[in-house]
Every structure is written in C-alpha cells, then in structure tokens.
Amino acid sequence: MKSGGEDEPRVVPYGIDPRDLDPVTEPPLEDLSDAFVSNVDWAGLELAGIRLTRCYLTDVELLEADWRNVRLTECVLERVDLSSAYLRGLTMDRCELIGCRLTGAQLFDGTLTDVTFEDCRLDFAVWEEVQATGPVSWVGCTLDKASLTRCRLTKAAFSDCRMKDLELADCDLEGADLRGNDLTGINGVPSLYGARIGRDQLADITALAVRDLNLTVEAEAVSW
C-alpha cells in the first residue's frame, strides 16, 4: 500500500484494484481476465466472441473499434474513447464507465445489467434494441442528439444528464427514473409512457406532449 501522503488509487467497484491486475499492452486475441490496460492506442480494434472479465481500462484509445458479441463482466473503463465504435451484441454485466467518450458510437442488440455510465459523452450515439435486464444508470452524462430505437430500459435511471434533441422511437421506459433532468429537448413522448418524473418536470412533459401530438391550445373553451 502507498503511504507517507501519496495518493491512493481510486476506489472502484467489485474489489478491482489495478495493483492486483496484470499489465497488458497488446490487444487481446482471446478471452482476457484480471488485466490492467493503460495509455494504449487500440483504435480500430476488432473483437469477436471474446470475454473481458475483471479488467480495468484507463486512457485507452478505441476509436472506431468493431466489437461483435463481446462480453464485459466486472470491468471498469475510465477515460476510454469509444467514439464512432460499432458494437453489436455487446453484453455488459456489473461494469462502470467513467469519463468515457462514446460520441457517435453504435450499439445494436446490447444487454446491460448493473452498469453505470458516469460523466460519459454519448452525443450522436445510436442505440437500437438495447435492453437493461438489471439496474443501469447514467449520471452527469451527455446524450445530445443521441438516438434510441426499440430499447427496453425499464430498469434505467438518468440523473443530471443533458438530453438536447435526444430521439426516442418505440422504446420502453416504463418505470425508468427521469427525475433530475431537463426533458425539454427530448423527441418521442410515447416512449416515456410509465416513466417516473418529478413534479417540477410536469410543465416540461406538457410542453413535449403539446408539440409531439400537434395539439392546439386555445385560450378558453368555446361556448356553443
């Protein structure tokens, strides 16, 4: 352990301590476990059908990565750049993403269970048929101009997130917690059916409904 006033490693979930992991610098060709990956450029990395278990990735460049049927279990990704990545069939179980960049990332047929996105950028991201089978949270994230289509996020929670021009289409957010967010920029009111909101968001939802349902609001009722 460090002592004498030196900074301690950040506390991370699932008991993962980088000091207990094996340093790795080469891209994986097969399943990888108990690995610490730091300050490497793996842009365009192609992975198919492999598992990453109890891995800690920090300051890793994965721009335009192409991952198919990859499974991450008990992994931490910190300041990882997955911008413009193509992710199909990705499964994340008990993972945390901190300060990661997923701008323009495409996620199809994904499954998320007990996953946290903290201070991540998902602007212009495209997600289709992604389901949360366990708790999933977005905290302080940017989802400006992102697009979610046919996603089932009933176990999701969003807190202090930016959602300007977020597009929702045929999504299921029944039971999802949307309190503590500015909802005025969301497009796709029907996808919010059954979601949880705060009283202070009622005016936002009303404005969205008037816009999306093309309602005409009159000053007063007409007397016949």
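Tyr56 has Val76 as its bridge partner in strand β9. That pairing belongs to a predicted model, where local features need pLDDT of at least 70, side-chain atom pairs count only at pLDDT 80 or more, and totals for chains, interfaces and linings use all residues. Residues are numbered from 1 along each chain as its sequence is written, and side-chain values use heavy atoms, with hydrogens and water left out.

**Strand pairing**
- β6 and β9 (residues 76-78) run parallel and share 3 bridges; for strands to count as paired, DSSP has to find at least two bridges between them.
- β6 (residues 56-61) also pairs with β3 (residues 35-41), again in the parallel sense, through 5 bridges.
- One of the residues involved is Ser38, whose bridge partner in β6 is Thr58.

**Two residues with positive phi**
- Asp59 sits in strand β6 and has a phi near 55°, which is positive even though the residue isn't a glycine.
- Is Asp59 buried, partly exposed or exposed? Asp59 is partly exposed, at 29% relative accessibility; buried means under 20% relative accessible area, exposed means over 50%, and partly exposed is in between (1.4 Å probe, protein chains only).
- Ser84 is another non-glycine with a positive phi, about 60°, and its spot is the loop between β9 and β10 (86-88).
- Ser84 comes out as partly exposed too, with a relative accessible area of 38%.

**Overall build**
- The protein chain has 1 helix and 19 strands, taken as DSSP runs numbered from the N terminus (helices are H or I, at least four residues; strands are E, at least two).
- Its C-alpha trace spans about 80 × 40 × 25 Å along the principal axes.
- Of the 224 residues in the protein chain, 47% are buried.
- Take the contacts between residues at least 6 apart in sequence: 8% of them join residues at least 24 apart, where a contact means heavy atoms within 4.5 Å.

**Surface and charge**
- The chain carries 22 positive and 42 negative charges, and their mean positions are 3 Å apart.
- For that tally, Lys and Arg are positive, Asp and Glu are negative, and His and the chain ends aren't counted; each charge is placed at NZ of Lys, CZ of Arg, CG of Asp or CD of Glu.

**Confidence**
- The protein chain averages a pLDDT of 91, and 91% of the residues score at least 70; pLDDT is the predictor's confidence in each residue, from 0 to 100.
- Residues 1-9 have pLDDT below 50, and this stretch makes 7 contacts in the model beyond near neighbours in sequence.
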